[in-house]
Amino acid sequence: MAELLKVNNLSMHFRGLKAVQDFSASLAEHGIYGLIGTNGAGKTTVINMLSGVLKPTAGTIEFAGRDITAMRPDRIARLGILRTYQNLRLFRRMTALENVIIGAQMHHSYSDVDAVLTLPCFRVEEDEMRRVAREMLALMGIERYADERANSLPYGAQRKLEIARILAARPRLLLLDEPAAGMNPQESAELVEIIRRIRETFGLTILLIEHDMKVVMGLTEYIYVMATGQIIAEGKPDEVRKDQKVITAYLGRKRRDA
């Protein structure tokens with residue numbers, strides 16, 4: 001598979017604190033990747049750099065062959081790198097449908113004048129965005145909440161709504177920051193199947209940060225493991241599971257063979 005994202009020696013320092021140091025990774029198109037590590041390992045800082053929220057102290061980020069290291073977040077998003085957050089960021093007083101329409105509006109072609117005058121080109125695009133939004137809600141299994149306010153939805157449905165909004169914005173690389181956080185085991189299992197379906201339906205590349213190891217091991221095809229701002233191991237799930245450095249980082253001790 002062709003390489004979609006290439007990260008070279010990415011570092012992020014905050015007044016001497018080395019939050020991330022020499023992070024390198026390569027993500028192929030259509031793959032599902034995991035980024036795991038203990039609290040404070042630097043995982044979210046990596047996502048913030050990839051999405052343009054933070055500008056790296058050092059290193060480069062290439063997306064589809066283009067250097068995006070110094071790009072603004074909005075330009076990176078328009079290229080197709082979109083993300084969720086650990087804490088939900090929904091328009092809570094808007095309906096679920098309206099939340100997803102906002103995602104679809106990222107690529108609208110009508111002008112402000114077209115919108116104010118409600119010209120035919122505006123109405124046609126609005127109808128199409130509404131159709132896409134309903135399709136994304138159905139894909140996530142939450143279409144029944146379309147006309148309900150986002151803040152009235154069950155927590156698991158709010159998590160799915162955030163992903164639906166991002167899908168409406170046509171990502172090529174989807175960055176999921178702890179999407180199963182706060183979900184019960186049944187909701188987490190449903191989310192795994194939904195993410196698989198998303199990859200197959202849209203041909204996306206997915207990078208997943210997650211503390212639920214059942215989700216990570218059951219979903220990802222390749223995993224990067226971080227500790228104290230650096231990659232300490234990488235490989236397929238079975239390889240990572242057996243890596244002594246990973247066991248020590250998570251359990252705080254060496255494994256003893258029986």
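Predicted model: local features only at pLDDT ≥ 70, side-chain atom pairs only at ≥ 80, totals over all residues.
1. Basis. Local features need pLDDT of at least 70 and side-chain atom pairs count only at pLDDT 80 or more, while totals for chains, interfaces and linings use all residues. Residues are numbered from 1 along each chain as its sequence is written, and side-chain values use heavy atoms, with hydrogens and water left out.

2. Overall make-up. The chain has ten helices and ten strands. Both are DSSP runs, numbered from the N terminus: helices are H or I of at least four residues, strands are E of at least two. Of the 258 residues, 48% are buried. Buried means under 20% relative accessible area, with a 1.4 Å probe and protein chains only. Among contacts with a separation of 6 or more, 66% are between residues 24 or more positions apart. A contact is a pair with heavy atoms within 4.5 Å.

3. Strand β8. How many residues of β8 are buried? Five of the five, residues 205-209, so the strand is largely enclosed by the rest of the structure. In a regular strand, side chains alternate between the two faces of the sheet. Here Thr205, Leu207 and Ile209 point one way, and Ile206 and Leu208 point the other.

4. Partners of β8. Strand β3 (residues 32-37) runs parallel to β8 and is joined to it by four bridges. Gly34 has Leu208 as its bridge partner. Strand β7 (residues 173-177) also pairs with β8 in the parallel sense, over five bridges. There, Leu174 stands opposite Ile206. Pairing requires at least two DSSP bridges between the strands.

5. Crossover. Between β7 and β8 the unit includes helix α7 (residues 185-202), and the β-α-β unit is right-handed. That is, with the strands pointing away from the viewer, the path from the first strand over the helix to the second runs clockwise.

6. Cavity. A search of the whole structure finds one cavity of 30 Å³ or more. A cavity is a set of points on a 1 Å grid over the protein atoms alone where a 1.4 Å probe fits but cannot get out; lining residues have an atom within 4 Å of a point.

7. Lining. Leu5, Val7, Phe23, Ala25, Leu27, Leu50, Leu207 and Tyr224 line the largest cavity. β1 (3-14) and β2 (17-28) are the elements that give two or more residues. β2 gives the most, with three. Leu207, one of the lining residues, is also one of the buried residues of β8.

Technical notes:
Buried < 20%, exposed > 50% of the residue type's maximum accessible area, 1.4 Å probe, protein only. 1 Å grid on protein atoms, 1.4 Å probe; cavity = no way out; pocket = protein on both sides within 12 Å on 5 of 7 lines; lining within 4 Å. Points joined across faces, edges and corners; volume = space filled by probe spheres on them.
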